[in-house]
Amino acid sequence: MSYQVLAPESANTEAPAEKHSITGFTLEQLTEAFCKMGKESYRAKQVFQWIYQKHATSFSEMSNISKDMRAYLEENYSIPQPSLVATQTSEEDGTQKFLFKIAGDKTVETVLIPGTDRLTQCVSSQVGCALACRFCNTGDMGLVRNLETHEIIDQVLQASRELGHDHKGALGHRLSNIVFMGMGEPFHNFEAMIDAVNILTCDFGFGLGGRRITVSTSGLVDKIEEFGNRTNANLAISLNATTDEMRSEIMPINKKWNLTDLMEACRNYPMAPRRRITFEYVMLGGLNDTVDDAKRMIKLLKGVAAKINLIPYNPHPASPYKRPQLETVYKMQRYFLDRGMNCTVRISKGKDILAACGQLRSKEAEKHLHRHYFEKRPVVG
Ligand code: SAH
Ligand code: SF4
């Protein structure tokens with residue numbers, strides 16, 4: 001593992017308050033804003049291409065845009081470049097974690113996960129999270145605040161900028177997939193998340209296909225259908241238990257919407273043919289990893305185009321749970337596969353730098369980072 005602390009906590013690269021962060025606008029919103037000011041509507045497409053495809057960091061380099069228009073942009077908008085407070089690279093697998101400074105003296109974490117055929121970025125949607133799942137380090141923080149649309153998008157842009165001029169990750173790939181599985185509950189910051197997905201999929205923006213973007217929710221049932229109607233991204237549901245008793249114990253949201261409510265929303269989810277809902281299942285050693293759980297899960301998922309993603313619990317300081325035996329994890333996977341279900345196991349990457357699922361923790365992690373806290377953690381499997 002290598003780490004670098006790059007900017008003092010006091011460093012401030014925030015835009016002056018009166019300027020709008022241009023990365024917070026969808027193409028439609030920017031077009032409308034320009035039209036209102038009597039500017040040509042195609043300017044918005046040009047600006048998008050400069051920012052998201054050519055990675056421009058100043059309006060002055062936008063050479064096909066008139067001088068007047070550039071002056072107008074300069075006066076009214078900024079291109080945020082959040083300063084990098086710290087970065088860490090996993091020695092085990094090249095996973096990179098970035099801690100960016102954002103407004104209000106807050107920090108936000110994002111992780112780049114290299115795969116053999118892809119580079120996946122895990123983005124945060126909030127600082128902290130209100131939902132207090134008992135196994136999650138972010139949940140332990142409580143909600144600090146929602147991220148603005150541009151603060152979600154800037155994680156993606158700035159991480160790519162940090163990769164250098166070719167924007168390639170450890171195994172030589174450019175950004176290909178985005179998962180909203182960092183800090184926060186994306187459905188609790190719904191409009192900002194929807195706009196961010198829109199910018200990621202826009203042909204003039206990042207141009208990522210909807211299939212390459214996955215938004216994970218702990219199960220805010222009232223927003224599930226709307227998500228399907230307003231985006232073409234993939235939906236992932238953190239199921240994590242097969243009885244209401246267990247789910248309510250580890251995920252307080254289950255007291256508001258129980259498993260019956262959740263599964264009904266999934267059955268009614270408007271989904272394109274050949275798509276599936278991913279059901280994430282964090283396996284807590286000795287608690288929810290039995291054959292009975294597997295049997296109940298099959299019943300729960302009946303009638304839903306589903307794929308199951310088993311996630312062995314990633315321990316973090318001050319958590320009461322145990323990582324399951326890997327043998328138990330693969331036994332459960334085999335149980336599903338043998339019954340014709342689609343099931344994968346997510347062995348989280350970047351465990352040596354606390355970058356794995358459920359381990360992101362912003363300020364707290366930052367403190368640890370500054371204290372040179374991160375040491376190699378024992379890795380099971
Ligand atoms: N709030 C959203 C998205 C962020 S969490 C949600 O809960 O779905 C992303 C995934 O990490 C979720 O499936 C969550 O259950 C899982 N997770 C949280 N803490 C974990 C931990 N300590 N080990 C393994 N997975 C964890
Ligand atoms: Fe929030 Fe998701 Fe963590 Fe639950 S698992 S506390 S919803 S980030």
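The model is predicted: local features need pLDDT of at least 70, side-chain atom pairs count only at pLDDT 80 or more, and totals for chains, interfaces and linings use all residues. Residues are numbered from 1 along each chain as written, chains are lettered from A and ligands numbered from 1 in written order, and side-chain values use heavy atoms, without hydrogens or water.

**Overall**

The chain has eleven helices and 15 strands. Both are DSSP runs numbered from the N terminus (helices H or I, at least four residues; strands E, at least two). Of the 381 residues, 56% are buried. Buried means under 20% relative accessible area, exposed over 50%, and partly exposed in between (1.4 Å probe, protein chains only). Contact means heavy atoms within 4.5 Å. Among contacts between residues at least 6 apart in sequence, 67% join residues at least 24 apart.

**Cores**

A nonpolar core is a set of buried Ala, Val, Leu, Ile, Met, Phe, Trp, Tyr and Cys residues joined through side-chain atoms within 4.5 Å. The largest has 105 residues. Helix H5 (residues 190–201) gives the most to this core, eight residues. Domain 1 (20–78) and domain 2 (83–376) both contribute, so the core lies between them. These bounds come from an automatic or database domain assignment. Another core, of five residues, lies apart and includes Val111 and Met181.

| Residue | Contacts (within 4.5 Å) |
|---|---|
| Phe227 | Phe187, Phe190, Met193, Ile194, Val215, Ala233, Asn234, Leu235, Tyr269 |
| Leu157 | Thr23, Ile51, Tyr52, His55, Phe206 |

Phe227 is among the residues with the most contacts inside the largest core. Leu157 lies in helix H4 (residues 149–162). Its relative accessibility is 0%, so Leu157 counts as buried. Leu157 and Thr23 are 134 residues apart in sequence, yet 9.3 Å apart in space, C-alpha to C-alpha.

**Helix H3**

Helix H3 (residues 67–76) buries Met69, Tyr72 and Leu73. Seen down the axis of H3, these fall within an arc of 100°, so they line one face. The arc is that of the directions from the helix axis to the C-beta atoms. The face turned away carries exposed Lys67, Asp68 and Glu75. Cover for the buried residues includes helix H1 (27–36), helix H2 (42–53) and strand S3 (77–78).

**Ligand 2**

The residues around ligand 2 include Cys129, Cys133, Cys136, Glu185 and Ser218. Each has a heavy atom within 4 Å of the ligand. By class, the shell has six nonpolar, three polar and one charged residues. Ala, Val, Leu, Ile, Met, Phe, Trp, Tyr, Cys and Pro count as nonpolar, Asp, Glu, Lys and Arg as charged, and the others, Gly among them, as polar.

Technical notes:
Lists of a residue's contacts leave out its neighbours within four places in sequence.
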